[in-house]
Amino acid sequence: MHAVTSNGTPFKFSDAALAEVQGLMKKYPDDRQKSAILRALHIAQEENQGWLSVPAMDHVAEVLSITPIEVYEVASFYSMYNLEPVGRYVLEFCHTGPCAIEGAEQLIEYTKLKLGIGKNQTTADGLFTIKEVECLGACGYAPMMQVGQYYHEHLTEEKIDRFINDCRAGKIDKGTWKMH
Amino acid sequence: MGRKLLLEHAHVEGIDSYEVYRKHGGYRSVEKALKNMTPDEVVEEVKKSGLRGRGGAGFPTGLKWSFLAKPEGVPRYLLCNADESEPGTFKDRFLMEKIPHLLIEGMITSSYALGANTSYIYIRGEYSWIVKILEKAIAEAYAAGWLGKNILGKGYDLDLYVNPGAGAYICGEETALIESLEGKRGNPRIKPPFPAVKGLWQCPTVVNNVETIAAVVPIINDGGEEYAKLGIGKSTGTKLISACGNINKPGVYEIELGVTVEQFLYSDEWCGGIKNGKQLKALVAGGSSVPILPHFLVTKNIRGEQRLMTYESLADGGFESGTMLGSGGFIVYDEDQCIVRNTWNFTRFYHHESCGQCSPCREGTGWMEHVLWRLENGQGKMSDIDLLADVAKKIEGNTICPLGDAAAWPVNSAIRHFREEFEWHVREPKTCMERNYGLVKEPEMYVQG
């Protein structure tokens, strides 16, 4: 469980994001617009440098016409929401059983040493955060890490090196998060 | 070999598009159901098929559907559980990525059977690219007239939406999924009332796994009796198995229920045997929650009979010497793997994923993780082994939802079958940090004469 932190600059959805969230609210019956919260928070996080600040959560509450506490309690429950600032690229390593027996723990150690950070820490240049997450459903293609919307499967030290180099060179397409 | 019902066309070029899917017989089940069958007749076919829930519990689907309350003027909902998060399980992902229209078609036919006019696919948030695949398929289905108002001119309306989660294993539990879909924390509800009476927004609701809903398509196309001809006994039809671990060919396979475990594990058609010429040490047959089996109980049951890939055969022997088919997450361990470490790893998973409502699960999973960690790191005491078993026993059956049981079973079964390996960790604290134990001995009583 994470604590809700109170820092963060003011936040408002972009026009496109606001229209998207309002569209999502219509997928649920009248007065059930609260159901759009999970997706609205994903969008808010995307537009707030990868994390949910209190202003971002308060804005989601306002748009959904619910109380801020209803947003905080949801945001603090689900593991995909970051309640602290993160780097531009969040490297989420699966370390559950099937990935562990294929060497996930060693790859995580390798990456921590390479970047000089521990889990849930961000490099000084603000580029990378390392997270250790539980099973992402890629057990047959283990080990793996998720970055943004992309699964890097059959992961190796070489692939990690190449990915980190590509990130540093600005070669990662944020639309797909794939390497070029 | 055996017939494929779900993945038959999964490798056809462009099958994720509406045109190609339709060309290969797609949406016939909707035509057949809406034009020639009443909703109750569709439910009857599913009952006849013997289809059982493919998410893990194996409850008969037709029976589940028949429990749905139908009060006048109250909407009913069908929810597809695509929250696939059980370690070892990646079959639904494969189906949705490869052949998304099969799920959409199954949702339409099933929603018609249940009288639902709005249905949702609740998919785990990490599968974000599959959300796009499904939404594209849904848009194509709307454009072709399979969704929306007055489908096929038969007066039936259906809207279908995708609702991504945000990272929580517990949301695969059906009442937690409903809470999450209502925009709340995924805390499971106390049952009764069951979702069939009071589910989403207190309305009658059915929650079915992706594979279950997809299986409705061949059942309606070919008839429930045809479907029931596949498989053995009460394990009818086909099942998707996601195989991983120390095997030559990890992947998703559709098998006819009744294939022997030995064939599935060693034949080149499926897992292709243990990788690097190693020996089999253990098997988790149906996702991390099911009891782990030692090598000598994998291909044969305690009476020395062939074990089959069916609900009944895998469960043969109960928790003493059997396991469960579960979700079909088939995790294979070779002789080099450490059972104590694996049990610690799974327990950490359950501790992390416990929603925290029930004390036995919230506290018990944490204590089990703690004790397993010290055993694994050469700091354990002999009494820790019974302590672990005791904590696991106190969680089991004492929680609102089955996550407690799911956390207890891997621990109970690991101690039951691998006690000598646990004891070795205590006796040889230095050695256990340097190497793993190897295979456990088969007890005398199991050796066949």
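This is a predicted model: local features need pLDDT of at least 70, side-chain atom pairs count only at pLDDT 80 or more; totals for chains, interfaces and linings use all residues.
Residues are numbered from 1 along each chain as its sequence is written, chains are lettered from A in the order in which they are written, and side-chain values use heavy atoms, with hydrogens and water left out.

**View 1. Helices α16(B) and α17(B).** The axes of α16(B) (residues 382-395) and α17(B) (residues 403-427) come within 9 Å and cross at roughly 170°, which makes the two helices roughly antiparallel (an angle over 145 degrees, on a scale from 0 to 180 between N-to-C directions). Residues of α16(B) in contact (heavy atoms within 4.5 Å) include Met382(B), Ile385(B) and Leu388(B), and those of α17(B) include Val411(B), Ile415(B) and Phe422(B). By class, this contact has eleven nonpolar, two polar and five charged residues, where Asp, Glu, Lys and Arg count as charged, Ala, Val, Leu, Ile, Met, Phe, Trp, Tyr, Cys and Pro as nonpolar, and the others, Gly among them, as polar.

**View 2. Burial of strand β8(B).** Eight of the eight residues of β8(B) (residues 238-245) are buried, so the strand is largely enclosed by the rest of the structure; buried means under 20% relative accessible area, with a 1.4 Å probe and protein chains only. Thr238(B), Leu240(B), Ser242(B) and Cys244(B) lie on one side, and Lys239(B), Ile241(B), Ala243(B) and Gly245(B) on the other.

**View 3. Strands paired with β8(B).** β8(B) pairs in the antiparallel sense with β9(B) (residues 251-256) over six bridges (pairing requires at least two DSSP bridges), and a hairpin of five residues joins them. Four bridges join β8(B) to β12(B) (residues 329-334), which run parallel, and Cys244(B) has Ile331(B) as its bridge partner there.

Terms used. Angles under 35 degrees count as roughly parallel, over 145 as roughly antiparallel, 65 to 115 as roughly perpendicular and the rest as oblique. Buried means under 20% relative accessible area, exposed over 50%, partly exposed in between (1.4 Å probe, protein chains only).
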